[in-house]
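I am opening a notebook page on this model. I will go through it one topic at a time and write down what I look up.

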Amino acid sequence: MHDLPSGHTDREAVHRDLERLAAFLANSGHLPHSPGMALFACEALDLFAMMPLPRVARTRAVLDVRPRVAEASAVAPEFAPILLAALDRTHARFFRVTVDDVEELPCLTMPAHRGGKFHSDRGDAPGWGEHDYHNRIREERHRHAAAVADRLSELLAQDTWLGIVLSGPARATSDQTRFLPGVLQQRVLHSAHINPTAVSEQKIREVGLAARDAARMHRTSARVEEYETALGTGWAVSGARATLRALANGQARLLLVRAGLVGNGFRCAASGRLTMAATDCRGEGEPVPVRDIVDEAIEDAMRQRVEVVVVDDLSVGGKLDGLGAVLRFRSPARAKVAPAAASRPRSRARARR
Amino acid sequence: MAAPTVMEHPAPELLAPAPETFAKLAALEAAHPTVITCYVRLDIQDRVAHRYRIAGRPATNARPAVRPHRPRSGAP
């Protein structure tokens with residue numbers, strides 16, 4: 001991150017831009033419905049823009065000569081809409097839920113149910129046994145669930161979706177899950193209790209946001225588990241110093257950051273490497289202080305298309321020491337160190353003799 | 001007496017997250033580091049009691065730079 005510019009005019013311009021941002025943030029009515037946003041402001045470039053985002057790693061502001069779009073472009077594919085199915089025993093409504101909009105798709109219309117053998121207009125009663133009546137209901141429920149599964153398959157094939165949300169009475173959603181093919185079952189993000197015949201757009205939006213949150217939580221816990229496994233096998237590094245080195249070497253595949261972590265650091269002027277101490281930049285140019293080294297690490301990671309996961313839940317990231325990374329490849333230096341370390345006692349023993 | 005004019009900040013332009021938008025933004029460059037990029041989390045828990053503003057306050061607080069790097073005394 002660059003510091004505030006030295007010129008008075010530029011500093012005043014930055015102050016005015018910050019005031020514009022603060023004024024915009026002060027009114028919550030202007031905020032998008034999405035779970036995050038990016039704001040870009042520069043008076044000199046006549047730039048004041050807002051971009052809704054499906055996810056933001058952490059709230060931060062950066063000052064630079066150009067807009068930092070790495071994170072926005074990295075999370076753009078997550079803009080894919082969610083396919084929400086609101087269903088019960090007889091109804092099935094489908095919604096396309098984007099980060100800031102809800103659109104209802106054509107619902108599923110079931111043909112009139114089969115009547116009795118001789119009295120088709122009598123609607124099951126009276127005169128039918130209870131067993132037959134319930135058997136009919138069960139059969140219709142199964143046909144309905146199969147038809148919904150078919151429709152979901154068709155809709156998924158037509159567009160790019162983030163996943164499926166099944167909503168309705170618990171029995172209907174659990175029945176429906178069993179009727180989904182394996183591929184579709186893996187794409188179910190969330191399930192929710194709603195009444196499909198009396199659901200509002202606001203409720204659909206809330207369910208969609210909750211589904212995105214649940215998907216993010218699931219992704220975080222899966223990534224932390226992957227990190228802990230890799231740490232045991234030497235395919236991950238823990239701690240700020242090792243993680244920053246791995247990031248500079250292009251080794252990192254996944255960057256994990258504990259939420260709320262801040263700290264000053266330096267960027268080596270010649271190599272561009274981030275370091276914790278100024279002395280670590282020896283031979284790599286002048287150390288330039290950076291305000292928040294974690295923000296810079298996230299920016300670097302986004303530029304390298306490294307997946308960044310911010311761990312909010314402290315109970316999930318037990319072994320995470322502030323920063324951590326899962327590696328694409330192990331450092332050759334590390335492999336060389338191991339035999340040398342192994343031979344050290346032997347040479348000492350020889351010296352003693 | 002004329003009523004004082006209230007200067008309101010204009011609303012920001014809404015950008016769609018499309019590849020051409022990213023290309024357009026990436027092409028912009030200022031002469032000095034004066035471009036502010038602010039990422040704001042707006043999850044449900046961040047919106048409760050305007051927590052996003054509390055989180056954003058230190059980020060948008062225009063403090064002077066962190067302590068400038070000075071070489072140790074005696075260093076060339």
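This is a predicted model: local features need pLDDT of at least 70, side-chain atom pairs count only at pLDDT 80 or more; totals for chains, interfaces and linings use all residues.

I start with A:Arg305. Its place is the loop between H8 and E14 of chain A. Its phi is positive, about 60°, although A:Arg305 is not a glycine. Is A:Arg305 buried or exposed? I find 10 other C-beta atoms within 10 Å, so A:Arg305 is exposed.

A:Asp46 is my next stop. A:Asp46 is not a glycine either, yet its phi is positive, at about 55°. I find A:Asp46 in the loop between E1 and E2 of chain A. With 7 other C-beta atoms within 10 Å, A:Asp46 counts as exposed.

I list the elements next. Chain A has 9 helices and 15 strands. Chain B has 3 helices and 2 strands, in the pattern β-α-β-α-α along the sequence. Of the 353 residues in chain A, 35% are buried. Of the 76 residues in chain B, 21% are buried. In chain A, among contacts between residues at least 6 apart in sequence, 66% join residues at least 24 apart.

**Entry 1: a four-stranded sheet.** I trace an open sheet of 4 strands in chain A. The order is E9-E15-E10-E14, and the pairing is mixed. Which strands stand at the edges? I find E9 (236–238) and E14 (307–311) of chain A there. Each has a single partner strand, so one side of each lacks a neighbour in the sheet. Neighbouring strands are turned by 15° against each other on average, direction ignored.

I look at one pair more closely. E9(A) and E15(A) (residues 323–327) run antiparallel and are joined by 3 bridges. A:Ser238 stands opposite A:Gly324 in E15(A).

Which helices pack on this sheet? H6(A), residues 201–233, touches E9, E10 (252–258), E14 and E15 of chain A. Its direction makes about 110° with that of E10(A). H8(A), residues 293–303, touches E10, E14 and E15 of chain A. The direction of H8(A) makes about 155° with that of E10(A).

**Entry 2: the cores.** The largest nonpolar core has 64 residues. A:Leu255, A:Leu256, A:Ala297, A:Val308 and A:Ala325 have the most contacts inside it. This core draws at least three residues from each of domain 1 (8–78) and domain 3 (234–337) of chain A.

What does A:Val308 touch, leaving aside its neighbours within four places in sequence? I list A:Ala57, A:Leu255, A:Val257, A:Ile298, A:Ala301 and A:Met302.

Apart from this core lies another, of 25 residues, including A:Ile82, A:Val102, A:Leu152 and A:Ile164. E7(A) (residues 163–167) and E8(A) run parallel, with 4 bridges between them. E8(A), residues 188–192, is mostly covered, with 4 of its 5 residues buried.

**Entry 3: where the chains meet.** I turn to the contact between the chains. Chain A gives 63 residues and chain B gives 41 residues. On the side of chain A, H1 (8–26), E1 (36–42), E2 (47–53), E3 (60–64), H2 (70–75), H6 and E13 (287–290) each supply at least two residues. Which element gives the most? H1(A) does, with 12 residues.

I finish on A:Ala44, in the loop between E1 and E2 of chain A. Leaving aside neighbours within four places in sequence, A:Ala44 is in contact with A:Ala13, B:Ala30 and B:Thr34. The C-alpha atoms of A:Ala44 and A:Val14 are separated by 9.5 Å, although these residues are 30 apart along the chain. Around A:Ala44 I find 16 other C-beta atoms within 10 Å, so A:Ala44 is partly exposed.

Terms used:
Residues are numbered from 1 along each chain as its sequence is written. Chains are lettered from A and ligands numbered from 1 in the order in which they are written. Two strands pair if DSSP finds at least two bridges between them. Axes are lines fitted to C-alpha atoms, for helices over the stretch in contact, and angles run from 0 to 180 degrees between N-to-C directions. Two residues are in contact if their C-beta atoms, placed from the backbone, lie within 7 Å. A nonpolar core is a set of buried Ala, Val, Leu, Ile, Met, Phe, Trp, Tyr and Cys residues joined through C-beta atoms within 7 Å. A residue is buried if 20 or more other C-beta atoms lie within 10 Å of its own, exposed if 12 or fewer, and partly exposed in between; C-beta atoms are placed from the backbone. Domain bounds come from an automatic or database domain assignment.
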